[in-house]
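Here is a short report on one structure. Look over the sequence and the model first, then read on.

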Amino acid sequence: MRSIWNGSISFGLVTIPVKTYSATDRTSSVSFVRIHEKDGAQIQYRKICELDGEEVPNEEVGKGYQAPGDDTVVPITDDDLSRLPMPTAKTLSILSFADPDEIDPLQMDKAYYLGPNGAAATKPYALLREALEDHRKVAIGKVAMRGRESLAMLRAHDGALVMHTLLWPDQIRPVTGVAPDDVELRENELTLAETLMDSLGELDPAELHDDYREAVEELVAAKLEGEPVAPAASGTSGAQVIDLTAALEKSVRAARGGGEEAESASVTPIRGRKTAKKGEAERGAAKKSGTAAKKAPGKKTAPAAAKKAPAKKTAAAPKTAGGRAKGTSTAKKTAAAGTSRKSTATKTTSKSAAKKTAAKKTVAKKTAAKKTSKRSSA
């Protein structure tokens, strides 16, 4: 690995000479060159002077500063920059130490590995690395690299020191107008979202790879061999879920290996937490009333009674015979039969009552006769 910058770390009165190496490699990502579509020749970029229209060689290319809103360009040489009062030139000056959570990821710019430069730098290098690991802190400082001063964060990683250049606070744009306002979420939606987060499990870095780069490489190989390029299969299904809760449930089942892939969802407006709580209260009251009805002795709820009651036969559609409806005559006969049963029951009741009255009178006469005979004998 080739060093791209040599400097030092200033840690109080301790100076640690270091070499800087680029920690990232973007050459593996997909990149295209511009070509002339007519003949396939690659297009070259040339440095042309706007004044005389001639090409300028690299050794004659210098620096200049143009103020915002001004057309004037002021030439700046390397000697001018070297005379600037920049104490951070070639030195990472540590200003303070902070918790890693205090650093906004939006400020992260580029990452560099720092290695000790020389045998004398090995011990202080290891000392700073161990102190950062044991204290679980990161160092915040300033460094000047490649003609500009930047904020920097220093941390221990995998036995080495890593420097992250940070953007200045005024380089972070505000989030005004980006996020939606006044969005209410239901409790079950939050629960499903958290369940989905837990179901996805831990991330294995070994399984991460660039699918797009592989697809481009296969496309290039097919073109070189003269084979037809097969259209890529769509990764999303055409079905739409109109409920956010349903989409979350499908996602949870898919994450747990239920064999059902999550579908793309077009979300409809949802009710807030207050409305959801009201609905839950109503459902709870309904459940309580149902439980009370089950526990009450001798009482049956309407659904249970309906299940146990014998099914009534529905009246058949009246059939016509010779132009007359049989249903009407059948109904009349049934009504007459009911009336005759009622009259028979009434007669039987009256006869039994008359017999009881006659029996009472007979007993009364016998009692009176006995009393009369006793008096005459006396």
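Does R26 count as buried or exposed? R26 counts as exposed, because its relative accessibility is 67% and the cut-off for exposed is over 50%. Keep in mind that this is a predicted model.

**A charged patch**

R26 sits in the loop between β2 (14-22) and β3 (63-66). R26 also belongs to a positive surface patch.

**A nonpolar patch**

The surface also carries a nonpolar patch. L81, L84 and M86 form this patch. Together they have about 220 Å² of accessible area. L84 is found in the loop between α1 (78-82) and β5 (91-98). L84 counts as partly exposed, because its relative accessibility is 44% and partly exposed lies between under 20% for buried and over 50% for exposed.

| Residue | Relative accessibility | Class |
|---|---|---|
| R26 | 67% | exposed |
| L84 | 44% | partly exposed |

**The whole chain**

The protein chain has 378 residues, and 16% of them count as buried. It contains eight helices and 11 strands. The chain exposes about 30600 Å². Carbon and sulfur atoms supply 55% of that area.

What share of the contacts with a separation of 6 or more comes from residues 24 or more positions apart? In the protein chain, such residues account for 60% of those contacts.

Definitions and conventions. Residues numbered from 1 in each chain as written. Predicted model: local features only at pLDDT ≥ 70, side-chain atom pairs only at ≥ 80, totals over all residues. Heavy atoms only, no water. Patch = residues over 30% accessible without salt bridge, like charges linked within 9 Å, V, L, I, M, F, W, Y side chains within 5 Å. Areas by Shrake-Rupley, 256 points an atom, 1.4 Å probe, with all protein chains shown as cover. Salt bridge = Lys/Arg side-chain N within 4 Å of Asp/Glu carboxyl O. Lys, Arg positive; Asp, Glu negative; His and termini not counted. Charge placed at Lys NZ, Arg CZ, Asp CG, Glu CD. Helix = DSSP H or I, 4+ residues; strand = E, 2+ residues; numbered from the N terminus. Buried < 20%, exposed > 50% of the residue type's maximum accessible area, 1.4 Å probe, protein only. Contact = heavy atoms within 4.5 Å.
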